[in-house]
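Morning, everyone. I have one structure for you today, and I'll keep it short. Here it is.

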Amino acid sequence: MAKALRVLAGPTAYEHIKQHGLQQEHISAMVGASGGPKWLSFAKLDEYLFGEYFAERPEPLHVVGSSAGAWRFACFAQENPAQASRDFAHAYQHICYPKGMSHQEITTHTRGLLDVIFSHKNSAEYAANNSKIKLHIVAARAKHLNGATSRAAQTTGLVSAALANSVSRHLLGYFFERTVFQPQGEPGPFNQWPTLPTQIAALTADNIRQAVVASGAIPLVLEGVRDIPHTKPGIYYDGGITDYHFDIPFAQEGLVLYPHFYSHITPGWFDKAIKWRKPNPKHYHNVVMLCPSEAWLESLPLKRIPDRHDFVNMDDKTRIAAWGETMARSAELVEEFIQLCEGDLSALERVQTWR
């Protein structure tokens, strides 16, 4: 029977798992990529990881996410992470955007999902100060035309950013400044942010909601967030612009767990069309990536994972049903992950170069 789960490991991670297996205490950090509803393909895996796998962990776990990854990980920093993750996945699955909604109405409607994550009076304070799950959120501060209020100016700015990025990823820093919200005084393993200018900001109870919203604010689709407390003045947008799937050194010690909906890495949002741009393999030497197999994807209702374009290309009833089946079947990934942790290494693959 074909495997549902692929386990891609960098050289250091591969050798460690071959010798010592994979236990939660071996993991020092976790990564969550941008990608809209794609993450629903491992909704049950999310629940398991933070409801059971890491539940009794004595040491802090540092988690970093951009866009959808930041929204997911904000659930993990809650007092009941499995319930928060389950509620958020259900709300995300069922959100609908009636035709004719304005840009502002779409933004307001989407931000309503935040109340599902931060559902209690003290949710923001608990998540910002969680002693076990240390949340790091990535957003992008717009510069020059990208910080304009005019959609025409924003469009020009985005086109300019894309052209500059196609020449060199370093040039993207002229248009956007990576902003990392992290626990005060606790950078954890995420203390090196290469390639782009980076602003480090304290993650607090009074800015965590805005940080999460900003991290998922896709330009021209959702409104950005202006002047977030403890940051530079400006408008903040989707963290995937600078760090779509991430190309940074994650941790010097231990392993990095990365549940990912793809088997490939795209460093930044504008790199999706640049097939030759790959991450530095040194950054992934200790990464353990969990991703769905091609056979499992083919067996899904849509023969692929959920996608943001499903909101436009499918009617709500069909979309919600297809997404729901995919979410339910992600329990199969959980079963195989448990098998991995129990010593079944048949899904383990060594990766030297991440395409």
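Take the contacts between residues at least 6 apart in sequence: 78% of them join residues at least 24 apart. Keep in mind that this is a predicted model.

Now the overall build. The chain has 13 helices and 11 strands. Its radius of gyration is 19 Å, close to the 20 Å that the globule rule gives for 355 residues, so the chain is as compact as a globular protein of that length. Along the principal axes, the C-alpha trace spans about 55 × 45 × 45 Å.

How much of the chain is buried? Buried residues make up 57% of the 355.

The largest nonpolar core holds 99 residues. Which of its members touch the most others? Leu-49, Ile-208 and Phe-337 do. The largest share of this core comes from helix 3, residues 68-76, with seven residues. There is also a second, separate core of 18 residues. Among its members are Phe-175, Ile-218, Ile-235 and Phe-270.

Let me follow Leu-49. Setting aside residues up to four places away in sequence, Leu-49 touches Met-30, Phe-54, Leu-257, Pro-259 and Phe-337. Leu-49 is one of the buried residues of helix 2. That helix is mostly covered, with eight of its 11 residues buried.

Phe-337 takes us to helix 13, residues 331-341. Its buried residues are Leu-333, Val-334, Glu-336, Phe-337, Leu-340 and Cys-341. What covers them? The cover includes strand 1 (5-9), helix 2 (43-53), strand 10 (287-292), helix 10 (294-298) and helix 12 (316-329). Just after helix 13, Gly-343 takes a positive phi of about 115°.

Helix 12 has a residue to look at: Arg-329. Is Arg-329 buried or exposed? The cut-off for buried is under 20% relative accessible area. Arg-329 has 18%, so it counts as buried. Leaving out residues up to four places away in sequence, Arg-329 touches Trp-296, Ser-299 and Leu-300.

Ala-251 is in the loop between strand 8 (235-238) and strand 9 (255-259). With 9% relative accessibility, Ala-251 counts as buried. Beyond its neighbours within four places in sequence, Ala-251 is in contact with Ser-28, Pro-189, Val-256 and Asn-286. How far is Ala-251 from Pro-11, 240 residues apart along the chain? Their C-alpha atoms are separated by 14 Å.

The other one is Ser-102, in the loop between helix 4 (81-94) and helix 5 (103-111). Ser-102 is partly exposed, at 31% relative accessible area. Ser-102 and Ile-248 are 146 residues apart along the chain, and 37 Å separates their C-alpha atoms.

That's the tour. Over to you for questions.

Terms used:
Residues numbered from 1 in each chain as written. Predicted model: local features only at pLDDT ≥ 70, side-chain atom pairs only at ≥ 80, totals over all residues. Heavy atoms only, no water. Core = buried A, V, L, I, M, F, W, Y, C linked by side-chain atoms within 4.5 Å. Buried < 20%, exposed > 50% of the residue type's maximum accessible area, 1.4 Å probe, protein only. Helix = DSSP H or I, 4+ residues; strand = E, 2+ residues; numbered from the N terminus. Contact = heavy atoms within 4.5 Å. Rg over C-alpha atoms; globule rule 2.2 N^0.38 Å.
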